[in-house]
Amino acid sequence: MPERQRADARRNYARILAVAEQEVDAHGAAASLEQIARVAGVGSATVRRHFPTRRALLQAVSHKRIDALCERADELAGKDDARAALLDWLDDLLTYCVAARGLAAALVYDGESESVHQNSCSTRIEEAGEPLLRRAVQEKAVPGDVTVSELVALIIGIVLTTEHRPDSQAAAKRLFGLIVAGISPKL
């Protein structure tokens, strides 16, 4: 929220964001914008003024989690085993996305209406994961034609596919294990 905004606009933004975090935690990416406005005590037009799209709202709600994932990538960059560092980070991304309902939806590109660079969550995640992947490729632990974007897309696919299963965390971990076995070079 820009500092040049009026104090009441900053308060509204903070209140809307706090309510949105609770609603997204409870209902995922399908959280009702009208419900968010009602609970925050503002009109739906105020919500849309601050967050013109559902994606903008999900990205704002996911901001802290994205920061944590980026910090985690930095921590893992110094790990001796490049493959293990990359897989640990991808596992963290998977765990966050399963636990943080709405995060996977915030990372999905919106097709033709959104360019790759308009999705700030995906851009930050991909930038954070790039050094981990680059190092794993240099050490020949991952094929050279794999991209961070592809790996993130796999994680998103797993999360979206398993989010309604009774034990979504276990189902997601199982699918992730299958993918890891498939992308690892045969020794």
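How are H5 and H7 oriented to each other, roughly parallel or roughly antiparallel? In this predicted model, H5 and H7 are roughly antiparallel to each other, a label given to angles over 145 degrees, whereas angles under 35 degrees count as roughly parallel, 65 to 115 as roughly perpendicular and the rest as oblique. Local features were taken at pLDDT of at least 70 and side-chain atom pairs at pLDDT 80 or more, while totals for chains, interfaces and linings use all residues. Residues are numbered from 1 along each chain as its sequence is written, and side-chain values use heavy atoms, with hydrogens and water left out.

The chain contains 9 helices and 0 strands, helices being DSSP runs of H or I with at least four residues and strands runs of E with at least two, numbered from the N terminus. Of its 187 residues, 43% are buried (under 20% relative accessible area with a 1.4 Å probe, protein chains only; exposed is over 50% and partly exposed lies in between). Among contacts with a separation of 6 or more, 63% join residues 24 or more positions apart, a contact being heavy atoms within 4.5 Å.

The axes of H5 (residues 82-99) and H7 come within 7 Å and cross at roughly 155°; axes are lines fitted to C-alpha atoms, for helices over the stretch in contact, and angles run from 0 to 180 degrees between N-to-C directions. On the H5 side the contact involves Ala 82, Arg 83, Ala 85, Leu 86, Trp 89 and Leu 93, and on the H7 side Ile 125, Ala 128, Gly 129, Leu 132, Leu 133, Arg 135 and Ala 136. The crossing is left-handed, that is, the near helix is turned anticlockwise from the far one by less than a right angle; clockwise would be right-handed.

H7 (residues 120-138) also packs against H8 (residues 148-162), at an angle of about 115° and with the axes 9 Å apart. The two helices are therefore roughly perpendicular, and H7 passes H8 in a right-handed crossing. Here Ile 125, Glu 126, Gly 129, Glu 130 and Leu 133 of H7 meet Val 148, Ser 149, Leu 151 and Val 152 of H8. The loop between H7 and H8 includes Lys 140, which has a positive phi of about 60° although it is not a glycine. Lys 140 is exposed, with a relative accessible area of 67%.

Thr 162, in H8, counts as buried at 0% relative accessibility. A polar atom of its side chain lies 2.8 Å from the backbone oxygen of Ile 158. Beyond its neighbours within four places in sequence, Thr 162 is in contact with Ser 168, Ala 171, Ala 172 and Leu 175.

In H2 (residues 33-40), the buried residues are Leu 33, Ile 36, Ala 37 and Ala 40. Seen down the axis of H2, these residues fall within an arc of 100°, so they line one face of the helix; the arc is that of the directions from the helix axis to the C-beta atoms. An α-helix has 3.6 residues a turn, so residues three or four places apart point the same way. The buried residues of H2 pack against H1 (7-27), H3 (44-50) and H4 (54-76). At the N-terminal end, H2 is capped by Ser 32, a side-chain oxygen of which lies 3.3 Å from the backbone nitrogen of Glu 34. Just after H2, Gly 41 takes a positive phi of about 75°.

Terms used:
Polar contact = N/O pair within 3.5 Å; in protein donor to acceptor, adjacent residues only side chain to side chain.
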